[in-house]
Amino acid sequence: MTAYEVLERIAEGLGIPRHMMGLAYDEPPASGRLPDDDIPAIFSDGLPDVVTLDEVEQINSLSSLLTSWDFAHGGGVARQAAEAHLRWGAGLLRQRCAEGLTPDLFSAVARLGAVAGFMNFDADNQPQAQKIFKFALECAVTAGDLHLQAKLLSHRARQAIWCGSPADGLRWLDTALHFRGLTPAEKAMLHTGRARALARMGLGADTVAAVAAADDAFDHIGSEVERPWMTYYDQAQHLGDTGHALFGIATSGHAMQEAVQRLRAAVEGHGDAYARSTAQSAVKLASLLMVSGELAEACELGIRTIRDIEGLKSARVIEGLRELVRVSTNRRGAPPVAELCEAIFEANYA
């Protein structure tokens, strides 16, 4: 399936006007615009005079659906749809709310902002991601929702670490870890984020300790009800995320086997709904196997991943493939490695 076809499916499934997704109409209306009856209410110029539970539930449903699309197809595919919905949700914040509903509305918009911001982060549109994360965090603070604040601080930390500011990321994660009432999955997510930051800072022992803290938190999942946006954090996700954290020190000889084992289990454990996570863990695993001299397995895994990610639009996955090329440089005399690098170049990933 091509990226264009994926966008068409999103537009049809979410009821988004095709032009807002950069798609052409099959038969443009003679007037040059859609008849008013064909424009979904969520995209009409007007906003409801009073925001009701229906609007809040609609935003939360959209967040769930867009999150699923993001996991399966990458942030580069549906971020325009997410931003369009976020603009509509932000407009609702200026309207009068039904009694007692204001905190729920701000939480719903914060959650949608977390989705839209992460899609931009995954697409390497970092300024826009940062802008959306800040807005969404303000919404979560206004709502008094510490769980969404923790999620958004985790997102901001992930972005900071990716962009080369692990100390900033560590500060946001430590802030979130001081919140009361965090669930086990939230604690595991935050400790794993700390491990990523510490690895980027070259602190091997502290990285291993942070992974151990994440493991301890994960062991308690099931003892409390998790928020809807944390249901993705299953064993495969935890092993993949901690494996990614350990990757940062494994390439210099620390915890290599542990990182390989976790990433291998993640690749095997993720289902089809988590295509991006599978690809990310597979590429990291291939890089570690290449570094450790397991060239045949590294190349087979790398080539299989290139085939599997057709239609996936994730700048982070592409960067992982570029990293795989870099760690393969000194081994390109081996035919399988040369074939792998050529496949990455031919696919325009490097």
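This is a predicted model: local features need pLDDT of at least 70, side-chain atom pairs count only at pLDDT 80 or more; totals for chains, interfaces and linings use all residues.
Residues are numbered from 1 along each chain as its sequence is written, and side-chain values use heavy atoms, with hydrogens and water left out.

**Cysteines**

- A disulfide is a covalent bond between the sulfur atoms of two cysteines.
- C299 is in no disulfide, and the nearest cysteine sulfur, on C341, is 7.5 Å away.
- C299 is buried, at 3% relative accessible area, while C163 is partly exposed at 45%. Buried means under 20% relative accessible area, exposed means over 50%, and partly exposed is in between (1.4 Å probe, protein chains only).

**Rings**

- The whole structure has 6 aromatic pairs. To pair up, rings of Phe, Tyr and Trp (its six-membered ring) need centres within 6.5 Å; planes under 30 degrees apart are stacked, over 60 edge-to-face, and the rest tilted.
- Take F121 and W162: they make an edge-to-face pair, 6.2 Å centre to centre with 90° between the planes.
- F121 sits in helix 4 and W162 in helix 6, so this pair ties together parts that are 41 residues apart in sequence. Helices here are DSSP runs (H or I, at least four residues), numbered from the N terminus.
- F121 is buried, with 2% relative accessibility, whereas W162 is partly exposed at 31%.
- One aromatic cluster is made of F71, F218, Y232, Y233 and Y274.
- The charged end of R156 sits over the ring of W172, 4.4 Å from the ring's centre. The rule for that is NZ of Lys or CZ of Arg within 6 Å of the ring centre and within 35 degrees of the ring normal.

**Pockets**

- Rolling a probe the size of a water molecule over the atoms shows where empty space is left.
- On a 1 Å grid over the protein atoms alone, a cavity is a set of points where a 1.4 Å probe fits but cannot get out; a pocket is an open set with protein on both sides within 12 Å along at least five of seven lines, and lining residues have an atom within 4 Å of a point.
- The largest pocket holds about 1,100 Å³ of space. A volume is the space filled by probe spheres set on the grid points, which are joined across faces, edges and corners.
- Of its 50 lining residues, F118, R158, R196, Q280 and R316 are closest to the centre of the largest pocket.
- Helix 10 gives the largest share of that pocket's lining, 8 residues.
- The lining of the largest pocket splits into 21 nonpolar, 16 polar and 13 charged residues. Ala, Val, Leu, Ile, Met, Phe, Trp, Tyr, Cys and Pro count as nonpolar, Asp, Glu, Lys and Arg as charged, and the others, Gly among them, as polar.
- The second largest pocket has about 240 Å³ and 13 lining residues, with D272, A275, T278, A279 and D308 nearest its centre.

**The cavity**

- There is 1 cavity of 30 Å³ or more, and the largest cavity holds about 50 Å³.
- Its lining consists of S154, R158, M189, T192, G193, R196, Y233 and D241.
- Helix 8 supplies the largest share of the cavity lining, 4 residues.

Terms used: Helices (H or I, at least four residues) and strands (E, at least two) are DSSP runs, numbered from the N terminus. A disulfide is a pair of cysteine sulfur atoms within 2.5 Å.
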